[in-house]
Structures are given as structure tokens and as C-alpha cells.
Amino acid sequence: MTVLQLLLPGRAEVGNLTTDPEPTLQALADLYAYPEPVPSRGWVRANMVSTLDGSATGPDGVSGALGGAVDKATFKALRGLSDLVLVGAGTVRAEGYHAPSADPVFADRRRARGQRPAPALAVVTRGGHVPNENGIFDGSSPTYVVTTAQADLAKLRDLAGKDQVIVAGDEDVDLDDAIRALAGRGFRRLLLEGGPTLLGQALAQGRVDELCLTWAPMLVGGTGPRIAIGPESGVTARPAHLIAAEDVLLGRWLVQHIPND
Ligand SMILES: NC(=O)c1ccc[n+]([C@@H]2O[C@H](COP(=O)([O-])OP(=O)(O)OC[C@H]3O[C@@H](n4cnc5c(N)ncnc54)[C@H](OP(=O)(O)O)[C@@H]3O)[C@@H](O)[C@H]2O)c1
């Protein structure tokens, strides 16, 4: 029985994935709703999974093995709420990313909000090496490449389409500019699915509003990265909720932004 128990705030049963999968997905979607109205600069939710000893990857070098049924259900619910999935090219290459597909469970909810049936995808890359595999450019919603002036822009425009290539920086992608450009195209509910390099950069640039973190019940040792690497950030967060489900803990953490002077 995969019962999901809300620990914070207050205790309540969220649902039962084994006996009532669809109502449980809907209950998760309610719990993880984006703020309304969504800020015009966009709201960036990161969704990551970590082992108990802090690794973002399993023994096979990717994160797939860390996620069980509960993590997969949360992943689906978060995609079902989002306008656009933002991901680093390293994750696309390592995990063989596909364009997100429409999930009928969330169709009514998306229609009511004027969202496309499936979230769009945006791949962040400096060098421009985005493998044209797994139908990544053939989804029902657009796939963007967010890159730098250094990349082979003509090749990327051929691959993704002229309007789907966003140049946001000379050497590195400036994520604030990139997210503003995506929000300006109507993608305000952003879901950053990693990897650790992209999340580290987004945190350092103050462009993460919340972190949804699954603690996978395993310790793997080794030299896997943490969920955020690279520049230092010093971000603090407070829990919006914690859910216990079997052996997994799910946390939704709101980043405490320091107001500008
Ligand atoms: N635990 C989790 O939740 C989770 C989630 C996702 C991925 N992962 C794992 O993480 C590993 C991949 O790690 P990663 O850190 O390499 O992934 P990543 O952050 O997805 O990819 C890094 C790449 O993204 C591009 N990039 C990121 N920030 C950039 C910026 N500011 N400007 C320009 N380009 C930028 C660069 O692409 P180019 O190299 O193309 O220039 C960079 O090499 C895989 O093993 C994957 O399974 C774990």
C-alpha cells in the first residue's frame, strides 16, 4: 500500500497511489500548485532527488535509479502543473531526454489555465551540443535551446527552429535573462529538472524560487555530485510541506529571497 502522509503542515493523508492513483496525483498537484498569480518574471521550481548521503546520481551515474513510484508520481504532477521544463544539456545527454508528453490526468487542469496539453522544454547549453534524439524536437509543444553567442547558432536554428533558439549571454547563459525571455513568451511556471550544474548556476543567480526534493532511501558513497554544484550561493529555504510515503520523504522548500536594497 503506497500511502502518502502529510507531515507538515499538520498531519493528513494525501492519498494512496496503490488504490487511488489518479486522485492521489490530483491531490499532489493541489499541494504543489504554483503561486497565483504567477509573477511576471516567472516562478522557478527546481525538482531534484538525492540519496541520504547527498548524491544526485546512483551507482549507474544517472539519477533514474534513485526514483521509485512516489518520486515518479511527484515528477508527473510537477510536470502536469508546469508551462515549461528547463534542463541542462548534460542531463539531456546523460539521461536521453524526450520532449515532455501530455498527461491526460492533468488535461482539465491545464485547459482551465489556458496551458498547452504538454509543457514545453528548454535546454540550456553553452556549446550547443543537443542530441537530436528521442524526438526531443518533435514534441507537441516547442523545444527551445537557450545558449550563448559562442554556439553554432545556424546549426541550432536548423535543429530547433529559428524562433526556438534564445541567445542569453556571450560565454555563459545568463539565467536571469534566459528565464525572463521564457517568461516573456508566456512560460511563467517553470520547472527546473537539473542537473546539478544548472541548478548551482540558477541558485547563484538568485533565480530559484523553490526546491522540491525527494530523499531516496539509499546511501551510495562514490563521487556522485550533490544536487547543486559550481558557484557558491548561500540560499536559505523554509519548508512549505513534507510528505512521508513508505520509505521516501518529499519536501517542498521555499527559497527565502533577500529583498533588494
Ligand atoms: N538527482 C537529480 O535530481 C538529477 C537531476 C538531473 C540530472 N541529474 C544527473 O546529473 C548528471 C548531469 O550533471 P550536469 O551537472 O552535467 O547536468 P546539467 O546541469 O544538466 O548540464 C550541465 C550542462 O548544462 C549547460 N549549462 C548549465 N548551466 C549553464 C550556463 N549557465 N551557461 C551555459 N551552459 C550551461 C552546459 O552545457 P554544454 O556542455 O552543452 O555547454 C553544461 O555543461 C547526470 O548524471 C544526471 O543523471 C540528477
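This is a predicted model: local features need pLDDT of at least 70, side-chain atom pairs count only at pLDDT 80 or more; totals for chains, interfaces and linings use all residues.
Visitor: Which residues come nearest to the ligand?

Guide: Gly88, Gly90, Gly194, Gly195 and Thr197 come nearest, out of 30 residues around the ligand. Two or more residues of the shell come from each of strand 3 (43-51), strand 4 (84-88), helix 3 (89-95) and helix 7 (196-204).

Visitor: Which element gives the most to that shell?

Guide: Helix 3, with five residues.

Visitor: And how do the shell residues divide into nonpolar, polar and charged?

Guide: There are 13 nonpolar, 13 polar and four charged residues in the shell around the ligand.

Visitor: You mentioned Gly194 and Gly195. What kind of peptide bond joins glycine 194 and glycine 195?

Guide: A cis bond, with omega at about 0°. Glycine 195 sits in the loop between strand 8 and helix 7. Most peptide bonds are trans.

Visitor: Where else is there a cis peptide bond, and what is its omega?

Guide: Between glutamate 36 and proline 37, where omega is about -5°. Proline 37 belongs to the loop between helix 1 and strand 3.

Visitor: Back to strand 3. How many of its residues are buried?

Guide: Eight of the nine, so strand 3 is mostly covered.

Visitor: What does strand 3 pair with over four bridges, and in which sense?

Guide: Strand 8 (residues 189-192), in the parallel sense.

Visitor: OK, the core. How many residues are in the largest nonpolar core?

Guide: It has 65 residues. Ala122, Val123, Leu190 and Leu192 have the most contacts inside it.

Visitor: What is leucine 192 in contact with?

Guide: Beyond neighbours within four places in sequence, leucine 192 contacts Val44, Arg45, Ala46, Leu86, Leu198, Leu199, Ala202 and Val208.

Visitor: Different topic. Which residues of helix 1 are buried?

Guide: In helix 1 (residues 21-31), Thr24, Leu25 and Leu28 are buried. They lie on the same side of helix 1 because they cover an arc of only 100° around the axis.

Visitor: What is exposed on the other side of helix 1?

Guide: Glu22 and Asp30.

Visitor: And what covers the buried residues of helix 1?

Guide: The cover includes strand 1 (3-8), strand 2 (12-16) and helix 2 (69-81).

Visitor: Now helix 6. Why do its buried residues line one face?

Guide: The residues in question are Leu175, Ala178, Ile179, Leu182 and Ala183, in a helix spanning residues 175-184. Seen down the axis of helix 6, they fall within an arc of 135°, so they line one face.

Visitor: What comes just after helix 6?

Guide: Glycine 186, which takes a positive phi of about 100°.

Visitor: Which residue other than glycine has a phi near 50°?

Guide: Glutamate 246. It lies in the loop between strand 10 (237-245) and strand 11. Asparagine 134 also has a positive phi, about 55°, although it is not a glycine. Most residues other than glycine have a negative phi.

Visitor: Where does asparagine 134 lie?

Guide: In the loop between strand 5 (120-124) and strand 6 (143-147).

Visitor: Last one: is valine 248 buried or exposed?

Guide: Buried, because valine 248 has 21 other C-beta atoms within 10 Å. It is placed in strand 11 (residues 248-255).

Visitor: What does valine 248 touch?

Guide: Not counting residues up to four places away in sequence, valine 248 touches Gly68, Val70, Asp71, Thr214, Trp215, Ala216 and Pro217. For valine 70 the separation is 178 residues in sequence, yet 7.4 Å in space, C-alpha to C-alpha.

How values were computed. Residues are numbered from 1 along each chain as its sequence is written. A residue is near a molecule or strand if its C-beta atom, placed from the backbone, lies within 6 Å of it. Ala, Val, Leu, Ile, Met, Phe, Trp, Tyr, Cys and Pro count as nonpolar, Asp, Glu, Lys and Arg as charged, and the others, Gly among them, as polar. A residue is buried if 20 or more other C-beta atoms lie within 10 Å of its own, exposed if 12 or fewer, and partly exposed in between; C-beta atoms are placed from the backbone. Two strands pair if DSSP finds at least two bridges between them. Two residues are in contact if their C-beta atoms, placed from the backbone, lie within 7 Å. The arc is that of the directions from the helix axis to the C-beta atoms. A nonpolar core is a set of buried Ala, Val, Leu, Ile, Met, Phe, Trp, Tyr and Cys residues joined through C-beta atoms within 7 Å.
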